[in-house]
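Subject: Structure handover

Hello,

Here is the structure I said I would pass on. My notes on it follow below.

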Amino acid sequence: VVGVILTVVGSLGSASTIGIIFSFCSVVSGALNFSFLSLTLGPSFQLDGFDILYYTTVPVILIMSVPMILTSEPQTLSNFVNQNGMGTTLLYVIIGCVIAVTYNLTQFFFIKSLSALYLSITGTAKVALIVVLSVIFFGDHVTGVNMLGVLIALTAFAYNSYLTYKEKLEAIERKKRKEFEKETSPKVNGEEGESLLKSAKSERESSRSERSARSERDVASKPQ
């Protein structure tokens, strides 16, 4: 977080109030989205990525239709169709849909395989990476403080990735150790359990027979 703050410091002077409000709402929405996905993809519900898309597509369309109408997007779309034709418009719409679905499925995979926290940290590192790319490809000017923020953000992301990888390896080792102990420990159930019970029963009967035979011999050996 400190790295991202240092990365964007100095650019807030030209930012508008409405832009800051939208950015804040975007952060809150992203946090709620990660929380929702970590809950539905977790062990409580165990939904698949395509299940999430199936259940959320219609509500998202209904919710986003309101701001689309308020911002005159239908008129903008109509003007684009008139200028470029229906075929080109459909092509761009399909490309956008494919990119959106791919992004969502990738996001679901990250959350299910790793965690929502790791994805949030990835998003934080993405801000620093965008600044670096803007300097390389667009020649944007950054200060030394901005570059220090980029360095801190990327270093923190790399270190967190290392810790996450280490935890995954430890979890795999614990799982293998439990499976090994389970395979090597004596089993007292199933067919082996029945065999042990039969053997114990046979030993008890043999011991009882020996005691009975010994008693008969003792009685026979006593003088009349």
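This is a predicted model: local features need pLDDT of at least 70, side-chain atom pairs count only at pLDDT 80 or more; totals for chains, interfaces and linings use all residues.

Residues are numbered from 1 along each chain as its sequence is written, and side-chain values use heavy atoms, with hydrogens and water left out.

Whole chain

The chain has 224 residues, of which 13% count as buried (buried is under 20% relative accessible area, exposed over 50%, partly exposed in between, with a 1.4 Å probe and protein chains only). Its accessible surface is about 17,600 Å², and carbon and sulfur atoms account for 67% of that (Shrake-Rupley method, 1.4 Å probe; for residues, only the protein chains shown count as cover). Taking contact as heavy atoms within 4.5 Å, 69% of the contacts between residues at least 6 apart in sequence join residues at least 24 apart.

Core

A nonpolar core is a set of buried Ala, Val, Leu, Ile, Met, Phe, Trp, Tyr and Cys residues joined through side-chain atoms within 4.5 Å. The largest one has eight residues: Phe34, Leu37, Leu41, Ile52, Leu53, Phe108, Ile111 and Leu119. Two or more of these come from each of α2, α3 (49-70) and α5.

Leu41 is in contact with Gln46, Leu47, Asp48, Gly49, Ile52, Phe108, Ile111 and Lys112, leaving aside neighbours within four places in sequence. Thr40 lies in helix α2 (residues 17-40) and counts as buried because its relative accessibility is 8%. Not counting residues up to four places away in sequence, Thr40 touches Phe45, Gln46, Leu47 and Ile52.

Helices α4 and α5

Helix α4 (residues 73-84) packs against helix α5 (residues 86-113) at an angle of about 125 degrees, and their axes are 7 Å apart. Axes are lines fitted to C-alpha atoms, for helices over the stretch in contact, and angles run from 0 to 180 degrees between N-to-C directions. The two are therefore oblique to each other; under 35 degrees would be roughly parallel, over 145 roughly antiparallel and 65 to 115 roughly perpendicular, with the rest oblique.

From α4, Leu77, Phe80, Val81 and Asn84 meet Met86, Thr88, Thr89 and Tyr92 of α5. Thr89, in helix α5, is buried at a relative accessible area of 5%. Leaving aside neighbours within four places in sequence, Thr89 is in contact with Leu77, Phe80 and Val81.

One backbone point

Most residues other than glycine have a negative phi. Ser72, not a glycine, has a positive phi of about 60 degrees. Ser72 sits in the loop between α3 and α4 and is partly exposed, at 42% relative accessibility.

Regards

Definitions and conventions. Helices (H or I, at least four residues) and strands (E, at least two) are DSSP runs, numbered from the N terminus.
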